[in-house]
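Biologist: Could you take me through how aromatic contacts are read in a model, going from the general idea to the particular case?

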Amino acid sequence: MLCDKCGKEIPKGSAFCNYCGRKVTINTTPQEKTSEIRNDGLIPKKISYRKKIIISIALFLILCLIFVGYLIAAPYISYIQAKSLMNNGEFDKATQAFTNLDGYKDSDELINETKYLKAQHLLKTKEYEKAIELFINLVNYKDSVKLKTESKYLLAKQNSSQDNYTLAIEIFEQIQEYKDSSNLLQEANYREGVKQFVSF
């Protein structure tokens with residue numbers, strides 16, 4: 001604290017100046033004001049630094065939650081997309097998508113289901129050779145064995161109707177017990193014999 005008259009430093013809380021004896025007024029000096037301002041300035045800085053730390057930690061935790069959420073949600077989203085592809089008849093894309101899921105939920109089983117649905121589709125669209133190949137790969141999945149035989153039967157009939165008797169005979173010999181394959185085999189043999197005879 002400074003004396004108003006002589007300007008010398010006097011102890012804080014003094015009523016009179018020790019040097020000139022003048023009565024001291026309670027006004028604070030500019031120096032004290034600046035020190036108070038400095039002190040006041042430090043408090044907000046400390047508070048803002050703490051706030052920054054808290055905000056940083058909160059942001060880090062939010063990012064961690066988003067990342068974990070993504071890890072959980074991403075396979076589920078891919079799984080839903082793969083099922084949608086399967087239901088829309090995009091069998092090759094669906095098979096690849098289920099394969100990429102690497103055992104998530106029942107994706108391994110759905111790979112077989114997708115192949116089975118594709119084989120059924122090929123059977124309906126009269127692409128018998130491709131259907132047979134898929135049903136063979138499916139082994140005993142659902143009624144794949146029966147549908148493989150049906151595909152062969154229809155392929156043999158198709159060949160027979162197109163005068164490809166040799167191929168028809170070869171297929172009918174594999175499935176002689178299925179439906180009327182035995183009779184159709186005899187018919188194909190007869191037709192092939194006639195064809196051979198006429199060609200001489």
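Biologist: Which residues form one aromatic cluster here?

Modeller: Tyr-79, Phe-98 and Tyr-104 do, where rings of Phe, Tyr and Trp (its six-membered ring) pair if their centres lie within 6.5 Å, with planes under 30 degrees apart counted as stacked, over 60 as edge-to-face and the rest as tilted. This is a predicted model, in which local features need pLDDT of at least 70 and side-chain atom pairs count only at pLDDT 80 or more, while totals for chains, interfaces and linings use all residues. Residues are numbered from 1 along each chain as its sequence is written, and side-chain values use heavy atoms, with hydrogens and water left out.

Biologist: How many aromatic pairs does a search of the whole structure find, and what describes a pair of aromatic rings?

Modeller: A pair is described by the distance of the centres and the angle of the planes. The search of the whole structure finds six aromatic pairs; in one of them, the ring centres of Tyr-79 and Tyr-104 are 5.8 Å apart with the planes at 70°, so this pair is edge-to-face. Because Tyr-79 lies in helix α1 (residues 30-87) and Tyr-104 in the loop between α2 and α3, the pair ties together parts 25 residues apart in sequence, helices being DSSP runs of H or I with at least four residues, numbered from the N terminus.

Biologist: Is Tyr-79 buried or exposed?

Modeller: Tyr-79 counts as buried at 7% relative accessibility, whereas Tyr-104 is partly exposed at 23%; buried means under 20% relative accessible area, exposed over 50%, and partly exposed in between (1.4 Å probe, protein chains only).

Terms used:
Helices (H or I, at least four residues) and strands (E, at least two) are DSSP runs, numbered from the N terminus.
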